[in-house]
Protein chains: 2
Amino acid sequence: MLSKNKIKFIKSLEKKKQRLETGLFLAEGNKLVADLLKSFECELLIAQASWMAMQGDLTVKELIVADEKEIEKASLLKNPQDVIAVFVQPHVRLEKNLLEKELSLVLDGIQDPGNFGTIIRLADWFGIKTIICSPDTADVYNPKTVQASMGSIARVNIFYEFLPEWLDELKAFPVYGTFLDGQNIYQEKLSDSGLIIMGNEGNGIRSEVEKRINNRLYIPNFPQGIASTESLNVAVATAITCAEFRRQQVYSI
Amino acid sequence: MLSKNKIKFIKSLEKKKQRLETGLFLAEGNKLVADLLKSFECELLIAQASWMAMQGDLTVKELIVADEKEIEKASLLKNPQDVIAVFVQPHVRLEKNLLEKELSLVLDGIQDPGNFGTIIRLADWFGIKTIICSPDTADVYNPKTVQASMGSIARVNIFYEFLPEWLDELKAFPVYGTFLDGQNIYQEKLSDSGLIIMGNEGNGIRSEVEKRINNRLYIPNFPQGIASTESLNVAVATAITCAEFRRQQVYSI
């Protein structure tokens, strides 16, 4: 039986303030929750008996078996599935010396939680383990980000930093950004390590952050020079950029 | 003055049935509407005086100057802007003989209007002028699709066809699809023309459609063979695929 208080508690986690205060986050969906249970400490699991029956041993602090209607009441989704879970936000430390050896992403003010989640998922695909975000980037624990990341938040570590100061503290190593007036990404020799900075959906990269970029890249459109749409969605641009870095790393001579 | 009837009429266009019956569609946002006005017949324009003052000559059937509160009432957006427009859906014929010379996209059951709009936008970027969709793909005139396409619906033509039958009628030419067991996209010589089929977010390409594919591609993850997330968002996968087709066309020997 799912009490009104529990429903209220779950719904409250839609708010960032509440997530900050409790250190918890919400995830929904049969596959997503099953995935996250392998990596995150589970505070509360609300599931239909049928879903429960398909799981192996579960380590959860509190388990409530609920029916479809009860789950519907607690869900934030348009089409609720069979399970809702509350997880504990992990504490991970940013290892600065690792950054020098790897390719990492930096997000400067990505607003849309769906875009952010999609970027986390593609970072995971391309073996990027670290994403550093400006404080005004969407919250990684926003339920929509968690949803769009499809479980990749278990493998990609997200940090929030004041980017201009943070970038200044780093030793000199490649800092890339994509711009409409950059160098053609297909004609540049891209590094196997360094930072790729992606900017806000509407305004791009802030000038204080742009100053720290030493490699300006451009994704060419087709046919080149013919005016079409002015820009690409930020998750799409991130994907094409990351794919090209990895292609050059593995497949070019 | 914006009447209740007009507000009701605008809101009704959120429904596909209503859009089909009227042959109209809705667009919101200062930049988007200004862009679409250049390409589509405008049935109704509701705008703040300040926005109107910044436009040149406008050819619209009906023009209503409204204040912020009135626009808020009619808007479908969380953060309404200064203008809402109702446009006439254009009638475009699919020129089959053009398909043989060009690269086109085929969407098999893309559900999410945001993903669909993002794909239209990136198709525009990569000079893809035609997208053929299965009947169960999201509606191109869904307000969320229009929004995410960022004006690219003016340059990319969208058609709905029963894909298995439609694909059978085509002469033999390259039909590509992305799969988890395809050929590495970076190690294949890709054609400058043909079809690229992308499948549903959860289930991929239907088997009846898959049968018509004669080139199975795979976007390699990194490091290759190391398990990470199982797949990429469909807009992201489409972007990486289109980018690689165009890269090979322009930059590889």
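How many residues does the contact take from chain A and from chain B?

1. The contact takes 28 residues from each side, that is, 28 residues from chain A and 28 residues from chain B; two residues are in contact if their C-beta atoms, placed from the backbone, lie within 7 Å. This is a predicted model, in which local features need pLDDT of at least 70 and side-chain atom pairs count only at pLDDT 80 or more, while totals for chains, interfaces and linings use all residues. Residues are numbered from 1 along each chain as its sequence is written, and chains are lettered from A and ligands numbered from 1 in the order in which they are written.

2. On the side of chain A that touches chain B, α7 (113–125) and α11 (234–251) of chain A are the elements that give two or more residues. The most comes from α11(A), with eight residues. Helices (H or I, at least four residues) and strands (E, at least two) are DSSP runs, numbered from the N terminus.

3. Chain A is divided into domain 1 (4–88) and domain 2 (96–251), with bounds from an automatic or database domain assignment. Their centres, taken over C-alpha atoms, are separated by 31 Å. Domain 1 of chain A gives 12 residues to the contact and domain 2 of chain A gives eight residues. On the domain 1 side, α2 (16–22), β1 (24–28) and α3 (30–37) of chain A each supply at least two residues.

4. In chain B, helix α3 (residues 30–37) has B:Val33, B:Leu36 and B:Leu37 buried (20 or more other C-beta atoms, placed from the backbone, within 10 Å of the residue's own). These buried residues of α3(B) pack against β1 (24–28), β2 (42–47) and β4 (83–88) of chain B.

Notes
Buried ≥ 20, exposed ≤ 12 C-beta atoms within 10 Å, placed from the backbone.
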